[in-house]
Amino acid sequence: MRTTEQLELAVKAGTLIFGSAQRTDRYPVDVCEDEPAALDVLLDRIDGRRVALVTDHTVARLHGARLADRLQDAGVAVERTSFPAGEASKSVATAIGLLDWLAETDFARRDVVLAVGGGVVIDTVGWVASAYMRGVPYCNVPTTLLAQVDASLGGKVAVDHPRAKNLIGSFHQPMAVVSNIGYLATLDLRQTRAGLAEAIKKGVISSPALFELIEEHHRAVLAAEPSVTARLVHGASVVKTQLVARDPYEVELRRPLNFGHTIGHAVETVTGYGPVLHGEAVAFGMACAARIAARRGLLATSVLDRIVGLLRRVGLPVTLDALPAAVDPAAVVAALSQIRKIRDGHLYFVLPEDLGETLITDDVSDEEIRASLTAPHQSAEDSFTTGEGVARA
């Protein structure tokens, strides 16, 4: 029977028709000790293709221009641009500007977009790569601790909207991730702490060993000591990639990786995306979720003290008055109500039951949220002394 006759019979039979598409994305994640090692890996991943290098103005000055020059010295054709640093640039306007720039450079489907920077650059450039020509390859070169342990992994790419953080985005996996530990020596202490929040999160939800590594060596990480930081980045990357692999497109919204992010995203929204760093907001959100779990009898007080105590010892906010911007609890609750509407009435909280064990629920009440937001310090012995044992480059 001819194909056309098969199609006619199918239509006449009135059968239900299904479309199908399957794709399995697999990409390498390299943790390198310095720029020469990272450059060798990057050249191998690029494989001679033309590169559109995108970063922010700060990273362009610190690393981007030098990296572009070294790629060109190795025979790679490079076009590069940058945009203002900061969460305010994680916007539709920035993305449109980058799309226009790619079109003007005659960027082709075989070319590679190179996202060099922190979480804002990684998220924004990744979304641009997902939209241009219905999706072009991109490689992440994360330059902050937060980006190396979290944002560069998993293919969740998005920009912010006044209604909610990451409201406009997609899933688009990178072709490779190349993390250079050497870049972290140029971070200021606040950015390092913010990145450490995401690593602590992974320890709480999935890896007691990673949590204990941070407990024991947090001063070395804050001082950007390479050998310890490499262990941290490698361990956190393993946890993130394994958890994402279970549900790469978030079909199931009950995800342990969202620990701390429910309240954290609301804090970022009400403060206007910028005054409170993402890691700072997540740290506060983790402390709130842990307090809710303890009040429900799910989490032992000793484990609550370990979680909140570690966050405070590394200099992260665990109470409203410790946040770098004034936050109205009522505004946070209102923002969470808006997020609940966007998610069809569901607002999931990841509540820790122990290190490495979580419960995910959508029945946390506004009263529980308010109580967690306004809770005082947990214990006097967890007080943090800024700068003790910390040296910055």
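User: What should I know before reading the values?
Analyst: The model is predicted, so local features need pLDDT of at least 70 and side-chain atom pairs count only at pLDDT 80 or more, while totals for chains, interfaces and linings use all residues. Residues are numbered from 1 along each chain as its sequence is written, and side-chain values use heavy atoms, with hydrogens and water left out.

User: Is Cys32 buried or exposed?
Analyst: Cys32 is buried, at 8% relative accessibility. Buried means under 20% relative accessible area, exposed over 50%, and partly exposed in between, with a 1.4 Å probe and protein chains only.

User: And Cys288, buried or exposed?
Analyst: Cys288 counts as buried, at 0% relative accessibility.

User: Switching to helices. At what angle do helix 7 and helix 9 pack?
Analyst: About 55 degrees, with the axes 10 Å apart. Helix 7 covers residues 189-206 and helix 9 covers residues 226-246. Helices are DSSP runs (H or I, at least four residues), numbered from the N terminus. Axes are lines fitted to C-alpha atoms over the stretch in contact, and angles run from 0 to 180 degrees between N-to-C directions.

User: Which residues make the contact?
Analyst: From helix 7, Leu196, Ala199, Lys202, Ile205 and Ser206; from helix 9, Leu232, Ala236, Val239, Lys240 and Leu243. Contact means heavy atoms within 4.5 Å.

User: What about helix 2 and helix 3?
Analyst: Helix 2 (residues 35-46) and helix 3 (residues 57-73) cross at roughly 55 degrees, and their axes come within 11 Å. That makes helix 2 oblique to helix 3. Angles under 35 degrees count as roughly parallel, over 145 as roughly antiparallel, 65 to 115 as roughly perpendicular, and the rest as oblique.

User: Which residues touch there?
Analyst: Glu35, Leu39, Leu42, Leu43 and Ile46 of helix 2 meet Arg66, Leu67, Arg70 and Leu71 of helix 3.

User: Last one. Where is Val318?
Analyst: Val318 is in the loop between helix 12 (301-313) and helix 13 (329-342). Val318 counts as buried, at 2% relative accessibility.

User: What is Val318 in contact with?
Analyst: Leaving aside neighbours within four places in sequence, Val318 contacts Phe284, Ala287, Arg291, Val308, Leu311 and Arg312.

Technical notes. Helix = DSSP H or I, 4+ residues; strand = E, 2+ residues; numbered from the N terminus.
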